[in-house]
Amino acid sequence: MKNIIFDMGNVLLTYDPEVCLKKIVEKEEDRALIRRELFEGPEWIQGDLGQLTDEERFYGVSKRVPERLHEELRRCTIEWDMCMQPVPQAREFCGYLKKRGFGIYVLSNASSSFYNYFPRFAPFDYFDGIVVSSDIHIIKPDIRIYQHLLKKYNLRADESFFIDDVEANIEGAREVGIDGAVFKGDFWGIGESMGW
């Protein structure tokens, strides 16, 4: 094994919309509506596909949310990334892998705002390569996104290992020959099981 590929959300940086919902929206019933329409609606996927910016997401979602909530919705649409903070032990684990000579990569389903918040984890050049779905208009678990990463950085699938918090994304990687593990909060356990 030579290359370790990390998902970003809930692997390197926490993704928890409840952080901004609780800070910005006062009533639980209103939070439930914005949660459903913004974070679980079609515009979220369109953003990850690079079809909409965070600001543009607002316009589609606002048609399904009462006007009295538009200011809160707008703030959640723009400020949602306040929740994106480093996952405990992620930096230490990446540093450990780098010292052992592994190449480390990021493969993320994310909108273009990725480039604003990701430096909270580490500078972009800390990693040997990064692929963001919105840049190439393909999202995991579509096998083309894994193929793109391999081709872009000249990696061999059988020398690469993927860590993601979603089983379907691990299965997508396996379809192109990349082994992987579902992240459940224990980097060191994954490392030990792989003999790193």
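I began with Gln89, which I found in the loop between helix 5 (70-79) and helix 6, taking helices (H or I, at least four residues) and strands (E, at least two) as DSSP runs numbered from the N terminus. Phi of Gln89 is near 75°, a positive value in a residue other than glycine, and with a relative accessible area of 40% Gln89 is partly exposed; buried means under 20% relative accessible area, exposed over 50%, and partly exposed in between (1.4 Å probe, protein chains only).

I note that this is a predicted model, in which local features need pLDDT of at least 70 and side-chain atom pairs count only at pLDDT 80 or more, while totals for chains, interfaces and linings use all residues. Residues are numbered from 1 along each chain as its sequence is written, and side-chain values use heavy atoms, with hydrogens and water left out.

Next I looked up the loop between helix 8 (133-136) and helix 9, where I found Pro141; the peptide bond from Lys140 to Pro141 is cis, with omega near 10°. His137 is found in the loop between helix 8 and helix 9, has a positive phi of about 60° although it is not a glycine, and counts as partly exposed at 49% relative accessibility.

I then turned to the sheet, where five strands form an open arrangement in the order 3-2-1-4-5 with parallel pairing; two strands pair if DSSP finds at least two bridges between them. Strand 3 and strand 5 (179-182) stand at the edges, each with a single partner strand, so one side of each is left without a neighbour in the sheet. Strand 2 and strand 3 pair in the parallel sense over four bridges, and Ser108 stands opposite Val132 in strand 3. Both faces of strand 3 (residues 129-132) are covered, for Gly129 and Val131 on one side and Ile130 and Val132 on the other are all buried. Strand 1 and strand 2 also pair in the parallel sense over four bridges, and Val106 in strand 2 is the bridge partner of Phe6.

Which residues have the most contacts inside the largest nonpolar core? I listed Phe6, Phe118, Phe127 and Ile163, in a core of 48 residues, such a core being a set of buried Ala, Val, Leu, Ile, Met, Phe, Trp, Tyr and Cys residues joined through side-chain atoms within 4.5 Å. A second, separate core of 17 residues includes Ile5, Tyr105, Val131 and Val176.

Last I examined helix 6 (residues 90-99) and helix 11 (residues 187-194), whose axes come within 10 Å and cross at roughly 30°; axes are lines fitted to C-alpha atoms, for helices over the stretch in contact, and angles run from 0 to 180 degrees between N-to-C directions. Helix 6 and helix 11 are therefore roughly parallel to each other (angles under 35 degrees count as roughly parallel, over 145 as roughly antiparallel, 65 to 115 as roughly perpendicular and the rest as oblique). The contact is made by Ala90, Glu92, Phe93 and Tyr96 of helix 6 and by Phe187, Trp188 and Gly191 of helix 11.

Methods. Contact means heavy atoms within 4.5 Å.
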